[in-house]
Amino acid sequence: MEPDCKRRKTAEPNDPSGWEVLPVLSERESQGVTLMPVYVAPVLDKKEACRVVKEVSAVYPLGDHPHLKRIRACVSPNSPHPLEIILCLASSRQEQDGLRSLSELFPSGQVDLRGLGEPFLALVPVHPPLTRPQYEEAASHWPVTFHENKRITQAISGSLFTPLEKAAMQKHMELAIQVAEQGAKKGMKPVGAVVVDPISGRVLAVGHDCRDGFNPLLHATMVCIDLVAHSQGGGAYCYKDYPACTFLELDHQSDRSSSSGNGIPYICTGYDMYLTREPCAMCAMALVHSRIERVFYGVPSPHGALGTKFHIHSRKDLNHRYEVFRGVLEGRCWSLTQVPVLKESVRDSP
Amino acid sequence: MAELVALPKAEEEATEREEGGVTPAETEAWMDRALAMAKEALENGEVPVGCLMVFNNEVIGKGKNEVNETKNATRHAEMVAIDQARDWCHQHKKELEEVFLHTVLYVTVEPCIMCAAALRLMKIPLVVYGCQNERFGGCGSVLDISSATLTDMGEPFQCKVGYRSEEAVEMLKTFYRQENPNAPKSKVRKKTALSDEVSEVQ
């Protein structure tokens, strides 16, 4: 597993705190390579290759699969023919019908079949590779083009963030852990959340899970989204029983003069959220609605919606996407999930 | 609390739910009311979604979108209605679960992914809705949160779909055709704000 070795090499030296920020990629980016059958023929005469590619491509363009290279040099140096060419896609039905001959695949004679050997079926990657591991897997089946996303590569190798940025992340996650512990003392699930404006570095809201109080939907994320709303002069819930849930009173007057528009940001646009554990589907979608910029969480959850069970942050069919990283203070966040909750008598809301 | 009819027995409830939970007449009556609420919202320039939570033939929660007034993007009609139903439980000194397990949600549009997850967490057994929510739907359109197997995420719920869906869709289309005055600041928004100020000065 070459990519793994590489990752370890780069991650170890600059990792004194014992945790690593890992990107949670989209489903398409993190999944393995899917393959489909195509008809391939050997090119027996190398001199015919250029003409054959032109003629075959005219009859069967691979329009939906531009990442596939039409021709490949043979894998084995002992091979009797030097090149192989993709003729056309083979549907699964054709696969059942078995092999077809060259004359069946090119019945109308638009292609001069000189120099081509008997067709056979091969499996090639359906989608263009998005990450280097996917590229390596895809290319082992058939040559493909790869437009590397430098940002993703950097993220995977752990070099996306500077030590200074990592120190800030650690500070914010420590705050999330601290508030989770305060919540646990009140009999709540030990989950904490912090919202930060990454431009100013200001902490805008700090909240813990309140679901075991009066409202089963007050997960830490929902609490923090509402605390940000309070800081903007809105909000839906009162937290007087939970003094650890706090928000920064924004100075609207000065903000108004400093920025364009009405000065108050639109919900959580541009903000980062730190969460001790991966949020559920309700919370992950609430963050889509709130236009969060990035989410950092400590440990995955069995029902998590940002990488484990769903990838709600990276769906093309939703109207907002955000970046997700996991692993920030992973060890301490893991210990936090093991904190026994003090079961107080179930409180009725006042 | 004394005059409230006793809850149906567990077995009766189970058979009732297998048959769809609600009669067509109930569906029509409550959905007509939900649609009237959505229409009212549209006329007031708000997202045209109406919903009702019905327990023992009584409306214990109803909601309209409160995103703009609370500056909280999670205040969808369903979330507001759930809060009202929770308040109703506290007022009537009833356990949440005992009530929500026998409550039906009537809503004009398929709940979004967030609301579908919330309905699971509240253990609502049945949701009757009008039209699909192609942009955010959590009952099959984008994701199927309603029937997915999810640990620690309440219980799956049943859906009954389609009553007066064309009208619900039409209202949404009308709403989205309008300029959304509450969208994040854009040039259009700034211009309007400015012209408002100007007209105020004048």
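The exercises below, each with a worked solution, concern a predicted model.

**Exercise 1.** Work out what span helix α7 (residues 165-177) of chain B should have, and compare it with the distance between its end C-alpha atoms.

*Solution.* The helix has 13 residues, and at 1.5 Å a residue these should span 18 Å. The end C-alpha atoms of the helix are 18 Å apart, which agrees with that expectation.

**Exercise 2.** Find which residues of α7(B) are buried, and explain why they line one face of the helix.

*Solution.* Begin with the buried residues, which are S165(B), A168(B), M171(B), L172(B) and F175(B). Seen down the helix axis, these residues fall within an arc of 130 degrees, and they therefore line one face of α7(B). As a general rule, an α-helix has 3.6 residues a turn, so residues three or four places apart point the same way. Next, look at what this face meets: the buried residues pack against α2 (24-43), β3 (103-109) and β4 (126-131) of chain B. On the other side of α7(B), finally, E166(B) and R177(B) are exposed.

**Exercise 3.** Identify the residues with the most contacts inside the largest nonpolar core, and then describe how chain B meets chain A.

*Solution.* The largest nonpolar core has 94 residues, and those with the most contacts inside it are M282(A) and I312(A). Beyond its neighbours within four places in sequence, I312(A) is in contact with residues including A281(A), V288(A), I113(B) and L143(B). Turning to the two chains, 38 residues of chain B are in contact with 37 residues of chain A. The area buried between them is about 3,100 Å², of which carbon and sulfur atoms give 67%, while the count of salt bridges between chain B and chain A is zero.

Methods:
Residues numbered from 1 in each chain as written. Chains lettered and ligands numbered in written order. Predicted model: local features only at pLDDT ≥ 70, side-chain atom pairs only at ≥ 80, totals over all residues. Heavy atoms only, no water. Helix = DSSP H or I, 4+ residues; strand = E, 2+ residues; numbered from the N terminus. Expected span 1.5 Å × (residues − 1). Buried < 20%, exposed > 50% of the residue type's maximum accessible area, 1.4 Å probe, protein only. Arc of directions from axis to C-beta. Contact = heavy atoms within 4.5 Å. Core = buried A, V, L, I, M, F, W, Y, C linked by side-chain atoms within 4.5 Å. Buried area = accessible area lost by both parts, 1.4 Å probe. Salt bridge = Lys/Arg side-chain N within 4 Å of Asp/Glu carboxyl O.
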